[in-house]
Amino acid sequence: MTKQSIYGMTQDNLKAWFEEHGEKKFRATQVWDWLYIKRVRTFEEMSNLSKKTIDLLTENFDMSPLNQVVVQESKDGTIKYLFQLEDKNMIETVLMRHEYGLSVCVTTQVGCNIGCTFCASGLLTKQRDLSAGEIVAQIMQVQFFLDERGDGERVSHIVVMGIGEPFDNYDNVIDFLYIVNDKNGLGIGARHMTVSTSGLIPKIYDFADNGLQVNLAISLHAPNNEVRTSIMRINRSNPVEKLMDAVDYYLEKTNRRITFEYIMLSNVNDRPEHARQLAELLKDKKKLTYVNLIPYNPVSEHDQYSRSTREDVMAFYDILNKKGVNCVVRKEQGTDIDAACGQLRSKQIKKKERPKRS
């Protein structure tokens with residue numbers, strides 16, 4: 001049976017586990033320090049633990065749930081990693097460099113069932129959820145990579161926007177956030193983390209009630225049901241008007257700003273009337289909302305879509321701006337590597353499936 005990843009344990013859970021196994025709970029604090037401050041790779045390196053305790057950990061936990069398969073580094077410093085899980089499934093993780101620090105985009109599921117018709121992540125249907133430990137391990141693998149370079153750099157920001165729908169793996173994602181936020185470990189600030197959802201309405205209410213100071217982003221991509229349903233299957237069961245009700249609840253409950261992600265698709269959702277409809281949709285939420293206009297990374301399997309022209313993007317931006325909607329055009333990163341989320345994984349799987357020449 002596959003052992004549980006030690007990275008999936010919150011510090012409180014680890015304390016309770018040690019007590020259940022006849023150990024003092026302060027052992028959890030020691031292990032936590034070795035994992036996230038000293039960042040050792042094996043239990044044997046935890047030199048202030050007894051052999052008995054090390055054997056207990058080794059018997060019950062795993063420290064290496066990810067195997068690095070491919071690393072691609074862009075001219076702008078963006079790094080994309082392809083990791084293989086213990087069950088041989090593969091996931092992607094991305095390190096991005098910003099003026100404010102180093103941000104890592106993590107994956108939460110193997111594949112995706114949301115069914116966005118423009119997205120590379122959904123080319124392969126969901127196989128399973130990632131455990132909290134497998135999500136934390138992505139951050140650790142990137143931090144190990146940085147440590148080996150010896151520049152003293154550290155992951156300072158996290159975006160939960162990789163392959164999969166985070167709110168479809170809600171409990172594991174919440175545990176992940178608590179683990180990486182723990183001030184005695186990686187200590188990544190809650191306000192330095194963002195979770196993106198395609199709009200699973202019940203979980204938006206849960207996230208609002210949770211009380212975490214983590215940022216929320218919603219993949220909107222269209223201002224009305226007709227267009228949104230045509231490009232995002234989830235809109236059939238989570239329509240725009242009900243989604244906006246959940247947004248209103250979140251804003252009232254948390255008083256925290258929401259970012260709306262909006263991928264610009266030529267002649268699909270980028271017309272002036274779409275911009276005006278979006279401004280109308282957000283008119284009573286302008287103080288606490290922010291629109292991120294995203295250039296589309298073309299996906300060969302979705303050749304019905306193309307990216308909006310620079311002129312159309314700026315015309316869209318100008319309409320929103322004049323109507324008082326806070327918005328920005330996202331800076332592109334990693335355009336010289338497999339930029340779209342899921343492309344590297346899809347390419348690698350196709351390579352493996354390609355028949356060998358005799």
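This report describes a helix pair and several annotated residues in a predicted model.

## Basis of the description

The model is predicted, and local features need pLDDT of at least 70, side-chain atom pairs count only at pLDDT 80 or more, and totals for chains, interfaces and linings use all residues. Residues are numbered from 1 along each chain as its sequence is written, and side-chain values use heavy atoms, with hydrogens and water left out.

## Helix 4 against helix 5

The axes of helix 4 (residues 132-149) and helix 5 (residues 170-181) come within 8 Å and cross at roughly 40°; helices here are DSSP runs of H or I with at least four residues, strands are runs of E with at least two, and both are numbered from the N terminus. Axes are lines fitted to C-alpha atoms, for helices over the stretch in contact, with angles running from 0 to 180 degrees between N-to-C directions. Helix 4 and helix 5 are therefore oblique to each other, a class left over once angles under 35 degrees are called roughly parallel, over 145 roughly antiparallel and 65 to 115 roughly perpendicular.

In helix 4, Ala132, Ile135, Val136 and Ile139 meet Asn172, Val173, Asp175, Phe176, Ile179 and Val180 of helix 5, where contact means heavy atoms within 4.5 Å. The residues of this contact divide into eight nonpolar, one polar and one charged; Ala, Val, Leu, Ile, Met, Phe, Trp, Tyr, Cys and Pro count as nonpolar, Asp, Glu, Lys and Arg as charged, and the others, Gly among them, as polar.

## Active-site annotation

In an unreviewed UniProt entry, the annotation "active site" covers Glu92 and Cys341; such annotations may be inferred rather than shown by experiment. Glutamate 92 lies in strand 5 (residues 90-98) and is buried, with a relative accessible area of 3%, buried meaning under 20%, exposed over 50% and partly exposed in between (1.4 Å probe, protein chains only).

## Binding-site annotations

The unreviewed UniProt entry lists Cys112, Cys116 and Cys119 under "binding site". Cysteine 112 lies in the loop between strand 7 (109-110) and strand 8 (128-129) and counts as buried at 11% relative accessibility, while cysteine 116, found in the loop between strand 7 and strand 8, is buried with a relative accessible area of 16%.

UniProt also places "binding site" (unreviewed entry) at positions including Gly164 and Ser219. Glycine 164, in the loop between strand 9 (155-160) and helix 5, is buried at 13% and, leaving aside neighbours within four places in sequence, is in contact with Thr108, Gln109, Gly111 and Cys112. Serine 219 is in strand 11 (residues 215-219) and is buried, with a relative accessible area of 13%.
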